[in-house]
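Colleague: I'd like to learn how to read a structure like this one. Could we go through it together?

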Amino acid sequence: MTELCLVRHGQTDWNRLEIIQGREDNPLNALGHQQAEESAAFLSQETWDLIVSSPLTRAVHTAQAIATACGIEHDAIRLDERFIEREFGAASGQPVKGIYEAVQADDERRVPGLESEDEMRARVLEGMEHLVEMYPGKRIIVVCHSHAIKAALSAIDDTYTFRHAMRNACSNYIIHQHGQFEVKAINVADHITDPAIMK
């Protein structure tokens with residue numbers, strides 16, 4: 001059995017301001033760094049063999065915090081473009097409230113340049129299949145993004161959709177055995193400081 005834990009990066013200012021954030025390389029803010037440390041402390045209670053990250057800075061910095069806590073060298077973190085955030089096209093940089101309904105509708109006519117849900121599912125699933133082929137029997141953390149996690153979950157089990165909310169720095173557990181992926185737990189984040197939940 002191979003185990004994957006897909007971790008969303010910590011908060012950025014665009015997350016805080018509810019601005020759609022795709023391939024923009026925005027860094028973690030102060031709370032995001034705290035969330036990365038909280039995620040790291042939580043994940044360090046288990047043993048992990050490998051950490052993979054989206055190449056975007058907010059994911060890499062979250063991955064580095066986790067690596068430090070888990071005793072894994074930063075140089076050993078593998079970057080994989082297949083786990084990068086969705087290309088939101090014309091929606092990138094726009095307030096969530098103004099355009100997110102069109103994004104959720106997967107409507108490329110209303111959002112020019114939008115990467116489709118099917119395209120996302122295909123690339124993220126390819127990334128996961130590569131990991132389980134290359135590292136059978138290992139426990140692997142993949143630090144990535146909200147829509148990458150939604151793509152993974154919905155590729156495995158169609159009861160999950162892109163409308164499922166993902167909290168910053170949440171953990172999502174997937175296993176692979178007998179040639180099949182299975183979702184074990186999603187949005188595990190009780191250990192993460194989240195002002196939206198604390199209101």
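Colleague: Which residues does I174 touch, not counting residues up to four places away in sequence?

Modeller: A quick note before we start: this is a predicted model, where local features need pLDDT of at least 70, side-chain atom pairs count only at pLDDT 80 or more, and totals for chains, interfaces and linings use all residues. Residues are numbered from 1 along each chain as its sequence is written, and side-chain values use heavy atoms, with hydrogens and water left out. Contact means heavy atoms within 4.5 Å. By that rule I174 touches T2, E3, L4, L6, M128, A152, L153, I156, F181, E182, V183 and K184.

Colleague: Which nonpolar core residues have the most contacts inside the largest core?

Modeller: A nonpolar core is a set of buried Ala, Val, Leu, Ile, Met, Phe, Trp, Tyr and Cys residues joined through side-chain atoms within 4.5 Å. Buried means under 20% relative accessible area, exposed over 50%, and partly exposed in between, using a 1.4 Å probe and protein chains only. Here the largest core has 28 residues, and L4, L6, F83, M128, V142 and I174 have the most contacts inside it. Strand 1 (2-8), strand 2, helix 5 (117-134), strand 4, helix 6 (146-156) and strand 6 (180-188) each give two or more residues to this core. There is also a second, separate core of 18 residues, including L43, W48, A65 and I141.

Colleague: How many helices and strands does the protein chain have?

Modeller: Both are DSSP runs numbered from the N terminus: helices are H or I with at least four residues, strands are E with at least two. The protein chain has 7 helices and 6 strands, in the order β-α-α-β-α-β-α-α-β-α-β-β-α from the N terminus.

Colleague: What fraction of the protein chain counts as buried?

Modeller: Of its 199 residues, 51% count as buried. Along its principal axes, the C-alpha trace spans about 45 × 40 × 30 Å.
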